[in-house]
Amino acid sequence: MRAVWLKEFGGPGVLVAGDAPDPVPGAGQVLVEVEFANVTFVETQFRAGNVPGPFKGEPPLIPGNGVGGVVAALGDGVDPGLLGARVVSGTGGSGGYAELAAVDAAGLFVVPEGLAMDDAVALLADGRTATLMMGAASPGAGERVLVEAAAGGVGTLLVQLAKAAGAEVVAAAGGDRKGAVARDVGADVVVDYTRPGWTRAAGPVDVVFDGVGGDIGRAAFELLRRGGRMVSFGLASGEWAGVPEERARERGVALVQPEPTPEELRAATESALNEARAGRLRPVIGRRFPLERAADAHAAIESRATVGKTLLEV
């Protein structure tokens, strides 16, 4: 099969397309003919080798943690009814940038009828994350919610979910193009956090969804009213906001972070897929790259040139 290899840690150019042995599904696994593979910011950090994260492993390996496609073969002990099913799944951290992927059957999500495969893959990680963040902060009707990185894969979904909950949504994004994306998915107010004075334009809020961290995340924290909540889901700046718990207590606000069980993780993913099938949640797919151009996909994400979700078309 064709795949993309990470031969060593480094810049995007270390991702090289080549041949690889076809994986064989073991007991409890299925073989997926991959149609789309997810590409995430965390994967770019793993490739660079400079930020510890959820993925472990040493080159050479095939990166990629989220795939969608059709089940082509079954390992021992797997329900025969899954053969030919349209599914999305995590890979456990590697093996996704390839034409074929062997994944655990227990981690599969059957794509709801009527939902496009690319949308399902776009929701696999980001939809789960956005759903869990919403549950942790629980914004209610009439509250003001600030979403950072509001034009990103998770951010665009948070804007939609917060609006559906009845909140007023302030979208913080970098530049006019990204601000327009956030407005298109329902933001009430859009601010550009690359410009001085952006916090004054945003105004006080009850909830902060922090997808940037660093100075922007710390500035957003200061906008919280007493009783407010801050949830961090990303570090696009390269560092977490790192707000001290003592400082939060002084201001009467809460730093909340979901600690979901495996069952809650699964339920959050299923919720996002079903909301999309019902037309109530729309992933924004900003860029698609052929499998062989995985290096270009990584470079685009790192240059902040992308909006929404970036996918590899396999």
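A residue is called buried here if its relative accessible area is under 20%, exposed if over 50%, and partly exposed in between, using a 1.4 Å probe and protein chains only. Helices (H or I, at least four residues) and strands (E, at least two) are DSSP runs, numbered from the N terminus. With those terms in hand, let us start with strand S11: six of its six residues are buried, and the strand is mostly covered.

A word on the model before we go on. It is predicted, with local features needing pLDDT of at least 70 and side-chain atom pairs counting only at pLDDT 80 or more, while totals for chains, interfaces and linings use all residues. Residues are numbered from 1 along each chain as its sequence is written, and side-chain values use heavy atoms, with hydrogens and water left out.

Strand S11 belongs to an open sheet of six strands, and you can trace the order as S10-S9-S8-S11-S12-S13, with parallel pairing. Two strands count as paired if DSSP finds at least two bridges between them. At the edges sit S10 (189-192) and S13 (254-255), each of which pairs on one side only. Helix H3 (residues 153-164) packs on this sheet, touching S8 (144-148), S9 (168-173) and S11 (205-210), and its direction makes about 170° with that of S8. Here the axes are lines fitted to C-alpha atoms, for helices over the stretch in contact, and angles run from 0 to 180 degrees between N-to-C directions. Contact itself means heavy atoms within 4.5 Å.

Now walk across the sheet from S8. Three bridges join S8 to S11, and the two run parallel; in this pairing Val-147 stands opposite Phe-209 of S11. On to S12: S11 and S12 pair in the parallel sense over five bridges, and Val-205 stands opposite Leu-224 in S12. Finally, S12 (residues 224-232) is joined to S13 by two bridges, again with the strands running parallel, and there Met-230 faces Leu-255 of S13.

How many cavities of 30 Å³ or more does a search of the whole structure find? The search finds one. On a 1 Å grid over the protein atoms alone, a cavity is a set of points where a 1.4 Å probe fits but cannot get out, and lining residues have an atom within 4 Å of a point. Grid points are joined across faces, edges and corners, and a volume is the space filled by probe spheres set on the points. The largest cavity holds about 60 Å³. Its lining includes Leu-6, Leu-15, Phe-46, Arg-47 and His-298. Helix H1 (residues 41-48) gives the largest share of that lining, three residues. By class, the lining has five nonpolar, four polar and two charged residues; Ala, Val, Leu, Ile, Met, Phe, Trp, Tyr, Cys and Pro count as nonpolar, Asp, Glu, Lys and Arg as charged, and the others, Gly among them, as polar.

Helix H1 also holds Thr-44, which is buried, with a relative accessible area of 0%. Leaving aside neighbours within four places in sequence, Thr-44 is in contact with His-298, Ile-301 and Glu-302. Gly-10, in the loop between S1 (2-6) and S2 (15-19), touches Arg-47 and Ala-48, not counting residues up to four places away in sequence. Thr-310 lies in strand S15 (residues 309-313) and counts as buried because its relative accessibility is 2%. With residues up to four places away in sequence set aside, the contacts of Thr-310 include Asn-38, Val-39 and Ile-301.

Most residues other than glycine have a negative phi, and most peptide bonds are trans. The peptide bond from Pro-59 to Pro-60, however, is cis, with omega near 0°, and Pro-60 is placed in the loop between H1 and S4 (66-74). Ala-149, in the loop between S8 and H3, has a positive phi of about 50°. Arg-304 also has a positive phi, near 65°; this residue is in the loop between H9 (294-302) and S15, and is partly exposed, with a relative accessible area of 42%.

Methods: 1 Å grid on protein atoms, 1.4 Å probe; cavity = no way out; pocket = protein on both sides within 12 Å on 5 of 7 lines; lining within 4 Å.
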